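Work through the exercises below with the sequence and the 3D structure at hand, and try each task before reading its solution.

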Amino acid sequence: MLGFGGLKLRSRCLLGFNFFQRHRVVTLETYGRNSGMLQEFGNALSFVLLAAILPPLILFIGKFFRPSFPHEGKLTTYECGELPEGSAYVMFNNRFYLVAIVFLVFDVEVALLFPVLLLFREAIDIGGNTAAQVFALAFAFLGVLFIGLVYEWKTGDIDWVRDAEDRRKHLETLEKAPQ
Amino acid sequence: MSLAEFLSGINQLLGTGIPMALFSILSAVIVLLLFAMPVGGFCTYLERKVAADFQERIGPNRVGPIGLLQFFADGIKMFLKEDSISKNADRWIYNFAPSLVMAGSFGAFAAVPFSAYIIGADLDIGVFYAMALGSLVSLGVLLGAWSSDNKWSLIGGMRGAAQIVSYEIPLGLSVLSIITVCGSMSLHQLVAQQAWPTPGGEGHFWNVFHNPFLFVNFFIYFTAALAECNRTPFDLPEAESELVSGFNTEFSGMRFGLYALSEFADVILFACIATAIFLGGWHVPFFNLQSLDIGLSVGELDLNPLVQSVLMIGVFLFKVSVLVFVVMWLRWTLPRLRVDQLMNLCWKYLIPISFFNLIGAAVWTWAFGGRSLLQLLGQVLGVS
């Protein structure tokens, strides 16, 4: 809850960095009491739960109205009217996997930057070199990831289609790389 | 102030002792069942009508006046359709997937600020919440596709997952630039900051006109949001000319209806968030609706918030519907991208540009103390 508290109350302790002098630890209880934010999260929860139970509810109510005539042909997998050819769980292009991995790195980065850059305006208002600290922190972090992106780009890991020439070069760079 | 508090305030005036938890459920019911679902359904009609106009056809015109009740008829039709589940499907995941998609797209409506007084849940991390729930949709799409044991579905689902996760990064970065400039994640506060600038006031007008970087980021956000909602030109997950129906091939009847509904809910949601964080929410130029005072009250009940709310919701929904119309317009304007073009656009254009814009927005905020272009202009001209 410290993270959420940090965002709302601008508590001075965020991600282990003490940006500012006043240190304040926000617990679940003080958080709820200070801002009524627990009530708001309760509201949000009721939205999510309502949205999640709607599909089963609608399908359940529909059960009493809709016909049900199961038939061997109807229950086979749809493959354009042909008999299905084996299972769909086949080997798949591992590009998708690579994209997911790269995404994970970038998404975690963006998620971590949210609280830091949230404090940027306040850091400017405080004056001194606080803004410079936040700026340097955030963009050094971003910069490292950006170098990663440039590397991915160079090695062709973010190219969806890689021709034979590219693949040969890629393998060569991999071989040259120190083990 | 959230809708639940608004309702309980009225309740206190009337003097009935209903517990608060009931109001939060009631607010969810109001926003989802009375707004999101009917509007999502109406969008399916609107899309057919807009498509018909673009192709010089008439479109649905039989059910109700000018076909307005078409979506209602469609809903009843799908409700009464046989529920046929392929025998190879992984039934647990198959049944669970639509719930996940619905929770993702409809649950995020909690954070949408319809007016200064009406918001499902006034979360301090509103934008983050909406983005986090939005990513549930990609899980739902992938799980639904995977569980149907259908090759079309699997290809569509894989494409969908790769596309949605890729475009979440430029989306996140453009939202991040807004947060850098405004210093808040609460959608309520973000909208409040976008008032028409007055001397000594807090407002800096719409974020999209705040500075050139945010202006570009608005278009990045819009492009990424299109891809997040699987809309043309990024509708590869359900490319009907190659993949039959893509990730929802095996979903029939009401299950398909739920997917279709949540797709439109997603479009509306992203339009709502774009309106709230870039286009000023319920703010109009030259005038702050919140300072409107008609001086009417019934007993203790001040009618101002209600009148303001009606106007604000009108302005907000007008902006949202313009964005939704643009989304439909694009469908009949742009051809579908290829998978490699899609990935190139994201990783080689949108992400570097939004990186650059994020740095630019931070530098602008630092240099001008968070003042917008309009405020600076006012200062130069000596207006404020």
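**Exercise 1. State how much space lies in the second largest cavity, and which residues line it.**

Solution. Step one is the volume: the second largest cavity of this predicted model holds about 50 Å³ of space, where a cavity is a set of points on a 1 Å grid over the protein atoms alone at which a 1.4 Å probe fits but cannot get out, and lining residues have an atom within 4 Å of a point. Grid points are joined across faces, edges and corners, and a volume is the space filled by probe spheres set on the points. Step two is the lining, which consists of Ala130(B), Met131(B), Gly134(B), Tyr221(B), Leu269(B), Phe270(B) and Ile273(B); the elements that give two or more residues to this lining are α5 and α9 of chain B, helices being DSSP runs (H or I, at least four residues) numbered from the N terminus. Step three sorts the lining by class into six nonpolar, one polar and no charged residues, with Ala, Val, Leu, Ile, Met, Phe, Trp, Tyr, Cys and Pro counted as nonpolar, Asp, Glu, Lys and Arg as charged, and the others, Gly among them, as polar.

The model is predicted, so that local features need pLDDT of at least 70 and side-chain atom pairs count only at pLDDT 80 or more, while totals for chains, interfaces and linings use all residues. Residues are numbered from 1 along each chain as its sequence is written, chains are lettered from A and ligands numbered from 1 in the order in which they are written, and side-chain values use heavy atoms, with hydrogens and water left out.

**Exercise 2. Describe the largest cavity by its volume, its lining and the classes of its residues.**

Solution. The whole structure has five cavities of 30 Å³ or more, and the largest cavity contains about 100 Å³ of space. Its lining includes Tyr221(B) and Phe270(B), together with residues such as Cys229(B), Val267(B) and Leu323(B), and α8 (212–228), α9 and α10 (304–331) of chain B each give two or more residues to it. By class, the lining has 12 nonpolar, no polar and no charged residues.

**Exercise 3. Which element gives the largest share of the lining of the largest pocket?**

Solution. The largest pocket (an open set of points with protein on both sides within 12 Å along at least five of seven lines) has a volume of about 1,200 Å³. Of its 49 lining residues, those closest to its centre are Thr44(B), Met78(B), Gly257(B), Ala260(B) and Leu261(B). The largest share, 11 residues, comes from α9(B), and the lining as a whole has 28 nonpolar, 10 polar and 11 charged residues.

**Exercise 4. Describe how chain B meets chain A, and locate two of the salt bridges between them.**

Solution. Begin with the contact, defined by heavy atoms within 4.5 Å: 91 residues of chain B touch 72 residues of chain A. There are three salt bridges between the chains, each a side-chain nitrogen of Lys or Arg within 4 Å of a carboxyl oxygen of Asp or Glu. Side chains of opposite charge can pair when their charged atoms come close. One of these joins Glu72(A) to Lys87(B) at 3.3 Å, N to O. Another pairs Asp83(B) with Arg66(A), whose closest N and O atoms are 3.7 Å apart; this pair runs from the loop between α3 and α4 of chain B to the loop between α3 and α4 (95–118) of chain A.
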